[in-house]
Amino acid sequence: MAQSKPEHSRLIIHDLARRNGHADFARDVLTGLSAKPKHLFPKYLYDELGSQLFEAICHVDEYYLTRAENEILTRHADEIVASLPDCQTLIELGSGSAEKTRKIIEAFLRRQRDLLFVPVDISASALEQSSRLLLGSYPELRIKAYAADYFDGLAALPALGHHPALVLFLGSNIGNFERPEAITFMRAIRGVLRDGDALLLGADLKKDRMTIEAAYNDALGVTRAFIVNELARINRELSANFDLWAFGLRSIYNEAVGRVEVYLESLRSQ
């Protein structure tokens, strides 16, 4: 009987976020809070606690997106994989816990003996935890991970070899970009893809306002905790003094542009 390779030989993590993380965070916070209107960058929501809070959001009743995407991947993973014969590399941008990705990984491993998974995620701790869980579940899997934002992760990707690659961008995260940024991001992905490669992008469908807004403002307050955690990071890491309990959360569906806009509203002067 063939023995599986030890876990340490199947896992490489490149922590690009650590190099200039504090300086980049400070610069982006200053830029966002000096702007009119003020804004914060979504990528900084995902520190270790933020990543755990987002996983909790995926289980609240109102957040239908994860359930819907799971259902699609459960039904169609084999069909998706069959459309890319000889694909040896699976890349995921914003991999998080990679729970949904398991459907695709399993479909690949039903057809072939091994697979290289390349997850890119801003949270190094979430990346390491999810990678080790995946390696424990799939002895045929190898992982080369990048703790980085999307653009740095794409720029750092190694040569993909001669076989096709599949890039995943799930969770309707394309909605986190303003339209010009989304175009720039899609062009960055296109710059990585070669003839024969593919992109699988998950995006929510338009539906009634109440359903969409509730998904981003659940009754348990998990979404508020997730968003406010970015202010908590600013307090911890940049010595700010935001009163976290003085902030309310407003989630509004902007029909004109077809997206949800989430606002933190201070209930007193700060």
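**Exercise 1.** Work out whether Phe185 is buried or exposed.

*Solution.* Phe185 has 0% relative accessibility, so it counts as buried. Here buried means under 20% relative accessible area, exposed over 50%, and partly exposed in between, with a 1.4 Å probe and protein chains only. A quick heads-up: this is a predicted model, where local features need pLDDT of at least 70, side-chain atom pairs count only at pLDDT 80 or more, and totals for chains, interfaces and linings use all residues. Residues are numbered from 1 along each chain as its sequence is written, and side-chain values use heavy atoms, leaving out hydrogens and water.

**Exercise 2.** Find how the rings of Phe177 and Phe185 are arranged.

*Solution.* Start with the rule: rings of Phe, Tyr and Trp (its six-membered ring) pair if their centres lie within 6.5 Å; planes under 30 degrees apart count as stacked, over 60 as edge-to-face and the rest as tilted. Next, the numbers: the centres of Phe177 and Phe185 are 4.8 Å apart and the planes are at 20°, so this pair is stacked. Phe177 is buried too, at 14% relative accessible area.

**Exercise 3.** Say which residues Ala188 touches, leaving aside its neighbours within four places in sequence.

*Solution.* Then look for contacts, meaning heavy atoms within 4.5 Å. With those neighbours set aside, Ala188 is in contact with Phe151 and Leu154.
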